[in-house]
Amino acid sequence: MELRVTESTEDELSIEIAGEDHTFMNVLKGALLEHDDVSAATYDVNPEQSGGQTEPILTIKTEGGADPLECLEDAAVTVRKKATSFRNAFEAAA
């Protein structure tokens, strides 16, 4: 997975996440929206409207002085924990 920051301010971060699709992006966006300090999380993968862009760009907006990069890190940890929990439950059921 390759990451490239395309925009960064105190309360907003846009990052290109190469090689991912709607499946991963929706899970990550959902984890971000569960974070109390995230006011908005969205992604764009539409190449026709994005000047030929083919990789998804995730945009995070925060409030209350929260660092969007730290919120992204928290969301990634949440996704990993949920995936591990699901895998363990699946293996136990098999």
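Analyst: A residue is called buried when its relative accessible area is under 20%, exposed when that area is over 50%, and partly exposed in between. The model considered here is a predicted one. By that cut-off, seven of the seven residues of strand 2 are buried, and strand 2 is therefore described as mostly covered.

User: What makes L13 count as buried?

Analyst: L13 lies in strand 2. Its relative accessibility is 4%, and the limit for a buried residue is under 20%. L13 therefore counts as buried. Leaving out residues up to four places away in sequence, L13 touches V5, E7, S8, L58, T59, I60, P68, L69 and L72. One of these, T59, is 46 residues from L13 in sequence, yet the two C-alpha atoms are 5.6 Å apart in space.

User: Why is T42 called partly exposed?

Analyst: The relative accessible area of T42 is 40%. Buried requires under 20% and exposed requires over 50%, so a value in between is called partly exposed. T42 has its place in strand 3. Apart from residues up to four places away in sequence, T42 touches K29, I57, L58 and T59. F90, by contrast, is 48 residues from T42 in sequence and 30 Å away in space, C-alpha to C-alpha.

User: How do you know that both faces of strand 2 are covered?

Analyst: In a regular strand the side chains alternate between the two faces of the sheet. In strand 2, one side carries E12, S14, E16 and A18, and the other carries L13, I15 and I17; the residues of both sides are all buried.

User: How many helices and strands does the chain have, and in what pattern do they follow?

Analyst: The chain has two helices and four strands. Along the sequence they follow the pattern β-β-α-β-β-α.

User: Why are strand 1 and strand 3 called edge strands?

Analyst: The four strands form an open sheet in the order 1-2-4-3, with antiparallel pairing. Strand 1 (2–8) and strand 3 each pair on one side only, and these are the edge strands. From one strand to the next, the twist averages 20°. Helix 1 packs on this sheet, touching strand 2, strand 3 and strand 4, and its direction makes about 170° with that of strand 3.

User: What describes the packing of helix 1 and helix 2?

Analyst: Two packed helices are described by the angle between their axes and the distance between the axes. For helix 1 and helix 2 the angle is about 115°, and the axes are 9 Å apart. The crossing is right-handed. V27, L28, A31 and L32 of helix 1 meet C71, L72, A75, A76, T78 and V79 of helix 2. The residues of this contact divide into nine nonpolar, one polar and no charged.

User: What makes a group of residues a nonpolar core, and which residues have the most contacts inside the largest one?

Analyst: The residues must be buried, of nonpolar kinds such as Leu, Ile and Val, and joined through side-chain atoms within 4.5 Å. The largest such core has 17 residues, and those with the most contacts inside it are I17, L28, L32, V38, L58, I60 and L72. Strand 2 (12–18), helix 1 (22–33), strand 3 (38–44), strand 4 (57–62) and helix 2 (68–93) each supply at least two residues of this core. Beyond its neighbours within four places in sequence, I60 is in contact with D11, E12, L13, L32, V38, A40, P68 and L72.

Key:
Residues are numbered from 1 along each chain as its sequence is written. This is a predicted model: local features need pLDDT of at least 70, side-chain atom pairs count only at pLDDT 80 or more; totals for chains, interfaces and linings use all residues. Side-chain values use heavy atoms; hydrogens and water are left out. Buried means under 20% relative accessible area, exposed over 50%, partly exposed in between (1.4 Å probe, protein chains only). Contact means heavy atoms within 4.5 Å. Two strands pair if DSSP finds at least two bridges between them. Axes are lines fitted to C-alpha atoms, for helices over the stretch in contact, and angles run from 0 to 180 degrees between N-to-C directions. A crossing is left-handed if the near helix is turned anticlockwise from the far one by less than a right angle, and right-handed if clockwise. Ala, Val, Leu, Ile, Met, Phe, Trp, Tyr, Cys and Pro count as nonpolar, Asp, Glu, Lys and Arg as charged, and the others, Gly among them, as polar.
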